[in-house]
Every structure is written in structure tokens, then in C-alpha cells.
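Let's walk through a protein together, one piece at a time.

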Amino acid sequence: MVKFRLMQKGICERCGEYRYINKHHIYPQEFFSRKNNKTTITLCLLCHAEIHELLPKEKQSKEFYKDFTEKFISGLLGVLLLMGILTLFLI
Ligand SMILES: [Zn+2]
Ligand SMILES: [Zn+2]
């Protein structure tokens, strides 16, 4: 459910548009405890939905999430995903 009362407008760190935004936790809260998990980025609702669709369902290393997020923001994720998939098959 979308919580409308929490919505605010701002600049998305990924697409740079002025839209409704909220915080995305770089290290997913379902895998990493809420304590010491304050590393967030600001994403618009569209980019936020997109990053969650792209994130792997299984827990990854912290380095993975950091790298993943940087690539997502800079628009290199397509390349990263392709390489990631290839690496998975090669291992
Ligand atoms: Zn965006
Ligand atoms: Zn999120």
C-alpha cells in the first residue's frame, strides 16, 4: 500500500526529476537489521519501484548492494545485470 501521508516532493537521485520521492535503503531491511542501516538514497516512486524489481530476491553481500545502487543511479545497471547473469552462469 502506498502511504500518501508520507509523500513529499523532491529531486530523484536517479532520474533527476522533481517528483514524489521517498528513501530507499541501500541495504534491504529484510536482510540487514534496522540498526546501523541508515544508508539511504532518495528516489522517486517510479525509480524506487524499478530498483526493487531489479534487486535479487536472495541476500547479497554489502558490496553488491553498494555497487548495485551506484550502477542503478548512474544508469549502468543494464550492463551490470548482463555481467552479473553471465558471472552466475560461469561460476
Ligand atoms: Zn526517479
Ligand atoms: Zn526501497
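Leu55 sits in the loop between α1 and α2 (62–74); helices here are DSSP runs of H or I with at least four residues, strands are runs of E with at least two, and both are numbered from the N terminus. Although Leu55 and Pro28 are 27 residues apart along the chain, their C-alpha atoms are separated by 9.4 Å.

Before going further, here is how to read what you see: this is a predicted model, in which local features need pLDDT of at least 70 and side-chain atom pairs count only at pLDDT 80 or more, while totals for chains, interfaces and linings use all residues. Residues are numbered from 1 along each chain as its sequence is written, and chains are lettered from A and ligands numbered from 1 in the order in which they are written.

Now take in the whole chain. It has three helices and three strands, and along the sequence they follow the pattern β-β-β-α-α-α. Of its 91 residues, 13% count as buried.

Next, look at the strands. Strands of a sheet pair through backbone hydrogen bonds, either parallel or antiparallel. Here the three strands form an open sheet in the order β1-β2-β3, with antiparallel pairing; two strands are said to pair if DSSP finds at least two bridges between them. β1 and β3 (40–44) stand at the edges with a single partner strand each, so one side of each has no neighbour in the sheet. From one strand to the next, the twist averages 60°.

Strand β1 (residues 8–11) is joined to strand β2 (residues 18–25) by four bridges. Gln8 stands opposite Ile21 in β2, and the partner of Ile11 in β2 is Tyr18. These two strands form a hairpin with six residues between them, and Gly16 in the turn has a positive phi of about 75°.

Cys47 is buried because 21 other C-beta atoms lie within 10 Å. Apart from neighbours within four places in sequence, Cys47 is in contact with Cys12, Arg14 and Cys15, where contact means that the C-beta atoms of two residues, placed from the backbone, lie within 7 Å.

Finally, which residues make up the largest nonpolar core? There are five: Cys12, Ile21, Leu43, Cys44 and Cys47. Such a core is a set of buried Ala, Val, Leu, Ile, Met, Phe, Trp, Tyr and Cys residues joined through C-beta atoms within 7 Å.

Definitions and conventions
Buried ≥ 20, exposed ≤ 12 C-beta atoms within 10 Å, placed from the backbone. Axes fitted to C-alpha atoms, helices over the stretch in contact; angles between N-to-C directions.
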